[in-house]
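Here is a brisk report on one protein model.

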Amino acid sequence: MIKSFFSLLFIATYMGTYAQNSLSGRVTNATDNTPLEQVEVYFPQLEKGIVTDSNGTFRINDLPSGSYKLLASYIGFGTFSTTLLIAEGQNTYDIVLSPTAIEMEEVIVSTPFHKLQRENVMKVERANVSELKSKGAVTLSDGIRNIPGVESVSTGLGIGKPVIRGLSANRVLVYTQGIRLENQQFGDEHGLGISDAGIESVEVIKGPSSLLYGSDAMGGVLYLNPEKFAPAHTTDGDIDLNYFSNTGGINANAGIQTSGERFKFLVRGSAATHMDYRTGSDQKVTNSRFSEYDLKTGMAYQSAIFKTELRYNYNKLELGIPEEIGEQSKKRGPEAPYQKIDNHILSSRTSVFFKNSSLDAILGYTFNSRKELEEEEGEVITALDMDLETFNYNLQYNLPKLGRLESIVGVQGMHQSNANFGEEILIPDATTDDIGLMGTSHLHFPNGSDLQLGIRFDRRAIEGETNGNPGEEGYIQALDRSFNSFNAAMGYKWEFFKNLTGRINLASGFRAPNLAELTSNGVHEGTNRYEIGNPGLTEEQNIQTDLSLEYKDQHVEAYINGFYNSVQDYIFIEPNGEVIGEDAVFVYNQQDARLYGGEIGLHLHPHPLDWLHWESNFETVTGKSKDGASLPLIPANSLTNTMRFEFSCKRKHLQNFYVFLTLRSVFEQDRVSTFETSTDSYNLLNMGLGGMLVLAKQRFNVRISANNLLDETYIAHLSRLKTDGIPNIGRNINLGISIPL
């Protein structure tokens, strides 16, 4: 991959000498025509931009010829968006921004055509990681629970995995650095395994995304956007420090980005360590401690008609597996049982721009090493030792525009191998090969409505090796299966009035059964049960309908989202009444299922009290199998109300300030599967404040938050420690400071 990167770099350097297109202009305030400084002017498709100077002027060099979307954004002003034709030579364009209390809009990267949310046919939730951290999130898995429609299956604090509208594990795909994250996500106790350091924002597609991402995206996609490179001719850096009172947790990261006219570079390192967390009843959950070390780096080159980047992420985790409330200690090193996980993620992303079209190529390699250590006869042994290697490729061609019609065709795939080295075999040595062909189009009508549709074909082949002998415990027979699927998606967005937007999306998705579901035959230590796979399982197929209605003006924002998801051959695990050794036997079966529900939200910032914000959202999911039984791991209904005060200060030592108070009410969950128990309701009160301090010309972003302020003792329905009666975390105060350099 690195050799190809530098070969393309040499070609681009030669080709780039022939293009000298540029865009210059001035950004002003619509109210008084004064120039605006530090406005970001940006071409999202080109990933190229700059900030305005003190006179509001900007100049962007080395631009390819053709039509490209141009954005301009600045805090306190509405995001400007237009499609601009870049002709050969020097181009000029002036921008006028209007003040608004509405938050800045960002480009949605997880969907095709890279449009602002208001222009998107598909409704996508987006959150900045800095915003999640300001609410006291300990980890990225903890933070995503603040996004409507998203929850997390957790094992204490260190282990969590996303749940989107009641679907999780291999039904939700995670993307980072533009490639799919593969880390044995089939296991209940296998966490997300990626640090929030160096992640700029999170996007969530809530619904089937097989058209864009293939198998395993039938429930949705969690798309992690890495931090951007610095604008041309600038060098930026920062240090971020956090302390968490409940766990004595310390989290620190530092990064630097520097960019010339064409070459760019960034690097960020982070470290985190936590002791056992304390419940609301003032008891420490033994062995819930964890530590994480992370390194992210990247380099890029960009000319007029070519851009390429290479990124690398190394993540090291040591995670205790809590089983009881036992020894009350302040130890930070994990005790058996615990996990040692190493993740290596290498990706390259290259785009070549032609006159009216472009070609994108994304290549990725991930290596996941997972070890689970247990104590046996007084010694700690490596019971489970698995290596997972995955190579991803994604080639997309953006066809020339035909009037208002944009189209993309592409091919996607991966080659994956799993190898075992430990005493226990949870899944066999196996290889998986995927290939998918897709095409999608977006048509913008003159009346402001939009139509998007697409079709895709996928094929997955799985070959697994034999393990053990027939009739013996742990025997796994050889596996040779293939799965094919056609999927389609169609969406329509229209504006009833100036501020009222409706969306309807109909999409199908599929998921091939994973190795655990097909081949398991043994004790799964992380779940304390004996699991038996089913080699005859077929692929899951679903069709989901989404309806959304959104109203937005200067002072009121409201939305209502509804969905109905019909799943054919839903795969589930259930006890069969037998016991092997001391463990109950669970077997994999299939049955049709359906999920339905949605989210309702309201955001008020009344005039003239633009500093006052009241946000409220309610979310609900119901999951039923064909025989009427409830599906497992369905989140409880919840209602979240937040009062937020934001002040734009221009004082000598204080610039911008906020205070918030949040009440999260989670209702009783009594719609449970046959091997779950109901969960009581609970209320969590959270609060926080923060702002920018200026001391001796140095800026400091300071934040203080307190989660579960009343120290309530509660157990979340999606906590894997619920079966042991172990409560979730009690009061946790977070002190954080970010120092721009």
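Predicted model: local features only at pLDDT ≥ 70, side-chain atom pairs only at ≥ 80, totals over all residues.

Are Arg262 and Asp62 buried or exposed? Both are buried.

A salt bridge also forms between the side chains of Glu119 and Lys69, at 3.4 Å from N to O. Glu119 lies in the loop between strand S8 (95-97) and strand S9 (124-128), and Lys69 in strand S5 (residues 66-73), so this pair ties together parts that are 50 residues apart in sequence. Glu119 has a relative accessibility of 19% and counts as buried, because the cut-off for buried is under 20%. Lys69 is buried too, with a relative accessible area of 14%.

## A local pair, a network and the total

Lys296 forms a salt bridge with Asp294. Their closest N and O atoms are 2.8 Å apart. Lys296 and Asp294 are both buried. Elsewhere, salt bridges that share partners connect Lys123, Arg503, Glu550, Lys552 and Glu557 into one network.

How many salt bridges does the structure hold? The count is 39.

## An open mixed sheet

Five strands make up an open sheet. Their order is S9-S14-S15-S12-S13, and the pairing is mixed. Which strands lie at the edges? They are S9 and S13, each of which pairs on one side only. Strands of a sheet pair through backbone hydrogen bonds, in either the parallel or the antiparallel sense.

Arg126 stands opposite Glu203 in S14. Further along, S12 and strand S15 (residues 220-226) pair in the parallel sense, also over five bridges. Thr176 has Leu224 of S15 as its bridge partner.

Strand S12 covers residues 172-176, and five of its five residues are buried. Both faces are covered. Val172, Val174 and Thr176 lie on one side. Leu173 and Tyr175 lie on the other.

Strand S13 (residues 179-180) is antiparallel to S12, and two bridges join the two strands. Tyr175 stands opposite Arg180 in S13. S12 and S13 form a hairpin with two residues between them. In the turn, Gln177 has a positive phi of about 55°.

## Surface patches

Glu376, Glu377, Glu379 and Glu423 form a negative surface patch. Where is Glu377 placed? Glu377 is in the loop between strand S22 (358-376) and strand S23 (379-398). Glu377 is exposed, at a relative accessible area of 81%.

A nonpolar surface patch has an area of about 470 Å². Tyr243, Ile250, Leu689, Ile704, Ile733 and Leu735 make it up. Tyr243 belongs to strand S16 (residues 234-244). Tyr243 is partly exposed, with 37% relative accessible area.

## Two loop positions

Val285 is found in the loop between S18 and strand S19 (290-302). The relative accessible area of Val285 is 0%, so this residue is buried. Val285 and Pro727 are 442 residues apart in sequence. In space, their C-alpha atoms are 8.5 Å apart.

Thr34 lies in the loop between strand S1 (21-29) and strand S2 (40-43). Thr34 is partly exposed, with a relative accessible area of 33%. Thr34 and Phe77 are separated by 43 residues in sequence and by 13 Å in space, C-alpha to C-alpha.

Definitions and conventions
Residues numbered from 1 in each chain as written. Heavy atoms only, no water. Patch = residues over 30% accessible without salt bridge, like charges linked within 9 Å, V, L, I, M, F, W, Y side chains within 5 Å. Areas by Shrake-Rupley, 256 points an atom, 1.4 Å probe, with all protein chains shown as cover. Salt bridge = Lys/Arg side-chain N within 4 Å of Asp/Glu carboxyl O. Lys, Arg positive; Asp, Glu negative; His and termini not counted. Charge placed at Lys NZ, Arg CZ, Asp CG, Glu CD. Helix = DSSP H or I, 4+ residues; strand = E, 2+ residues; numbered from the N terminus. Buried < 20%, exposed > 50% of the residue type's maximum accessible area, 1.4 Å probe, protein only. Pairing = 2+ DSSP bridges.
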